Every structure is written in structure tokens, then in C-alpha cells.
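Me: I'm new to this one. Can you walk me through it?

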Amino acid sequence: MAGTAMTATFLAVIGGASLLAVTARRLRPSDRLPSLEGWALADRSLGPVWTWLLLGGTIFTAYTFTAVPGLAYGNGGAAFFAVPYTVIVCPIAFVLLSRLGEVARRHGYITAADFVRGRYGSPPLALVVALTGILATMPYLALQLLGIRAVLTAGGVYPRGATGDLVMVALFAGLAVATYRHGLRAPTVISALKAVAVFVSLTAVTWLVLERLGGPGPVFDGAAERLGAPALLLTPGQQPAYATLALGSALALLMYPHVLTAGFAADGPRTLRKVAVALPAWTGLLALFGFLGIAALAAGVRAPEGGAETAVPMLVDRLMPGPLAGLVFGAITVGALVPAAVMSIAAATSFVRNVYVEYVHPTATPKRQVRIAKAVSLTAKAGAVAFVFGLRDQDAVNLQLLGGVWILQIFPAVAVGLFTGRLHPRALLAGWGAGMLAGTFLVVREGFSTIGAGPFRIYAGLVALLLNLTVALAGTAVLERLGVPRGADLTDLPSRLTVRRRPETGANTP
């Protein structure tokens, strides 16, 4: 009976997501001719509430909600780096995302590579920014499917064998159709259901866990007994790795195409600043998920070897009544559909704008651009499904680890370029190449661990970024001395950081 109730609730949540996707066209439908901006960015019409729902639903993916508690279950306190990391993102988004969104809106940019093309007048630099974004996004998209499969298998909702694979394909097929027809509006309306389902189910699960296990004290005491007390706290040797991983992850997150796509859909920079202030509410959810990983340890949950991400679903299945467990599994599944849809849209848009139009068909009409983007979006989803079925789960995880290091290497061109245009595009290309090679080498050498070896362990992506910036700065100095010209800047942004003087106080402000 409990299994039937759980399945019924799970199907009700998925059915609700499907019904919402059908109504996506009602979200401020555009009266304009078909355009890539309308399909990929919902005509930049999303207000604060919709933008908060979409951006939060895009950043906090289903895999995040399973990987963080899984890491807490297996490694203890080190897993909570995700909490300061997502807190650091908020002030960065307040400044960087709002400024980039304003420039994109003013000039009609749809991707980060569009901004780089306009800022530096360099098609090659824009191309590597676009391709890096696509390369980093594809394994991230596949991980959403892996998150669904792992969670539902642990909860007994996912049938084994070909039947389960068909269920996965059916879930993604519905998402693909909705995204194909309505573009970004489909995940936007589904994000409302994701927020309600995740907030409600997680609050209820946390309350029940605390009640049944006797409160926070017994939970942490029981976890410490099973894991080892030092593992719940950071040792001095872990602190540099913890801090640099949090900082590097925060800088990388806002460079992902799907996050920028969700941000560019806002109706203005004021909306983005409001959303950045409100994003910590999602971070609170992530902290609770991490706590549930600790609770799974205290409850004596035994996850399969190499499957720590299933610890919380197993805890939910053990302690929760059927309807509530079904709500949790449904929320996590819907939680994967939102970022997966936005990721496929972002990858397709980057390909069309910065590869297809730039190098293949410069005179493509807006209608044709939309048609190609829809086809590429479907291809990206099909590729993610094939990736999940054809390769080991660890392969997707390894590629995602590399993707985080890779996407960080476009930070100088995009983020630094918002505030100064002094860096030479050729030097930025050289810095990008150095960072990509160094980051890949460090991650592969450490066995696909992004934390370096030795007494001073730091995030490999941050090391690669520092090398990237060093090469870009040195290269700019050399190229300026040689008098090598740079491309035209079309963004109307200042070429360097300036200092303004406040007349009333005489104070200097940047």
C-alpha cells in the first residue's frame, strides 16, 4: 500500500509538471515574429518572481541535491563547501550578472560569446568561449539524468532494465516537446512547481527526521560515531582546499551558459539585483539536503559501494510515509527537468549564434535560427540520454569535474571584460589555452580529483585561472609594446576601470 501511495504521488507531481509545460505559452506570449531572443530568452520579459524561480531552479539542480548529501554521507563536513560557495555566488551575481544582463539587453546579446564578440571584436575568442560553454554543459546535462535514475532506483520507483530506460526516455521526451515548442517559457513555468515541491517536501522530511532521530544533537553524535568525529569537522590541512573550491566554484557557476541564459531572460538589471538578494533561500535548501546526508549516517543507512548519492533517497524510503516519499522523489525529478531544459536551450543558442551564424550561414533569417536552435536542443537532449545509457556513471562525473575547470577559463574574457577592455584578445586566447591545458593536466593527474596533492591542497580550476590571468596580462603587455592592433569595441563600456569623485564628500569610489 505504501509503495502504491508513493508511486501515485510521484506520478501526480510529474503529471503536474507536464500540465504546466503545456500552459507555458500563456507566460507573456510574444506578438512578434519568431526570433531566437523570444524562444531562448522568453523575450527578456521575466519579472522578479519568475526570474527567482527560474534562476534558482537552474542553479540548484537535481544532481546538486543528491551529490551534496552523498558527499556528506561519505566525507562528512567537507561536503558543506557547497553552502559558502552558493552564498558567495549571490554578491557576485548582484554585481556581475546584473551588469552583464544590462549590456546584453542594450545590444541584443543572447550569449556570453556575443558579449565577447562585441567587446573585443574577435571572432576566434568568441568561438572558444561558445565552444567551452557547450563542452562544459553537455556532461552537466547528462548528470541530471543520472541524478533522476539514482534517486528513483534507490526509492524503488525506477524499474530495472529496459522498462526503466523507457521511463527515462518518456520523461525526457515530454520535456523535449515542451521545450521545442515554447523554448525557455517551458522550464520557467515548471520551475514554479519545482520550488513548491522541493521547499514543502524538504521541510517536512527534515522535521520528521529530527523528530524520529531525537533532534540535531543525536543526529550529529550518531554520524560522528559511524564516520569518525574528525571527519565532521575540517582539519587545518583541509581548509585551503575547502576555501579555494568554494571560491572557484562560485566564479565558475556564473560562467555556465544555462545560468547566463536564465539571467538574460530577466526584464532588467533591477530584477536581477532583487533576485540575487533572494537567492540565499535556495542555499538554505542545499544546507538541509547536506544535513540529511549526515542524518542518513546517523540512521544507519547503508548505501551501496560507490553509490553514496543514494543515501538520502534510501533514508526517505525508510522513514517517510509513502505519499511524502513520492513527493520527495517527484520534486527531485522535476528538479532535474528545469536545469536540463535550460541547459539544452543554452547549448543550442550558443551553437546557433556563435558557430552557425558566424561561420556557416551569416544571412540566416531569425526564423531559420529558431528552427536550427530547436533541432540542436533536441539533439543535445538525445545525446545526454545516449551518454547515460552508453557510458559509466563515473565517466559523466569525471567530465563534469573537468567541465567546472574548463568553464572557469572564460572568466577573464567575460567577467573581467565587463570592467576593463585593456586585455588584448590574442592574449586572452593564449591565457585560455594555458588555463585549459593546465587545468586538464592537474585534474587528470590527480585521478579526476579537482583538489591538488601535497600539504597545500587547492582547487585545480583556481590554479589554472591564475595561470590564465598571468598569461593574459603578460601577453597584453607584450602585444601593446609591439603595437599589435585589437578589434573594435562595440559595447559602449569603459576601456578601463575609472575612479569617480563624490562632490559632497570628496571620497573616491570605483
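Predicted model: local features only at pLDDT ≥ 70, side-chain atom pairs only at ≥ 80, totals over all residues.

Me: Helices, then. At what angle do α20 and α21 pack?

Reply: About 155 degrees, with the axes 7 Å apart. Helix α20 covers residues 425–445, and helix α21 covers residues 460–482.

Me: Roughly parallel or roughly antiparallel?

Reply: Roughly antiparallel, because angles over 145 degrees count that way.

Me: And is the crossing of α20 and α21 left-handed or right-handed?

Reply: The crossing is right-handed.

Me: Which residues of α20 make the contact?

Reply: Among them are Ala 427, Ala 430, Gly 431, Trp 432, Ala 434, Gly 435, Ala 438 and Gly 439. Arg 426 takes part too.

Me: And from α21?

Reply: The α21 side includes Ala 460, Val 463, Ala 464, Leu 467, Asn 468, Val 471 and Gly 475.

Me: How do the contact residues divide into nonpolar, polar and charged?

Reply: There are 15 nonpolar, six polar and one charged.

Me: New topic. How many cavities of 30 Å³ or more does the structure hold?

Reply: Six.

Me: How much space lies in the largest cavity?

Reply: About 100 Å³.

Me: What lines it, and which residues lie nearest its centre?

Reply: The lining of the largest cavity has 16 residues. Thr 111, Ala 112, Pro 257, Leu 260 and Ser 350 lie nearest the centre.

Me: Which helices supply at least two residues each of that lining?

Reply: Those are α6 (112–120), α7 (123–154), α12 (257–264) and α16 (322–360). The largest share comes from α12, with four residues.

Me: Next one down. What volume does the second largest cavity have?

Reply: About 70 Å³.

Me: Which residues line the second largest cavity?

Reply: Val 198, Ser 201, Leu 202, Val 205, Phe 289, Leu 292, Val 312, Val 316, Val 328, Ala 331 and Ile 332.

Me: Which elements give two or more residues to that lining?

Reply: Helices α9 (185–213), α14 (280–298), α15 (311–319) and α16 do. Here α9 gives the largest share, four residues.

Me: So where does α16 turn up?

Reply: Helix α16 supplies residues to the lining of the largest cavity, and to that of the second largest cavity.

Me: Last thing. How does the lining of the second largest cavity divide?

Reply: It has 10 nonpolar residues, one polar and no charged.

Terms used. Residues numbered from 1 in each chain as written. Heavy atoms only, no water. Axes fitted to C-alpha atoms, helices over the stretch in contact; angles between N-to-C directions. Parallel < 35°, antiparallel > 145°, perpendicular 65-115°, else oblique. Left-handed = near helix turned anticlockwise from the far one by under 90°. Contact = heavy atoms within 4.5 Å. Nonpolar A, V, L, I, M, F, W, Y, C, P; charged D, E, K, R; others polar. 1 Å grid on protein atoms, 1.4 Å probe; cavity = no way out; pocket = protein on both sides within 12 Å on 5 of 7 lines; lining within 4 Å. Points joined across faces, edges and corners; volume = space filled by probe spheres on them.
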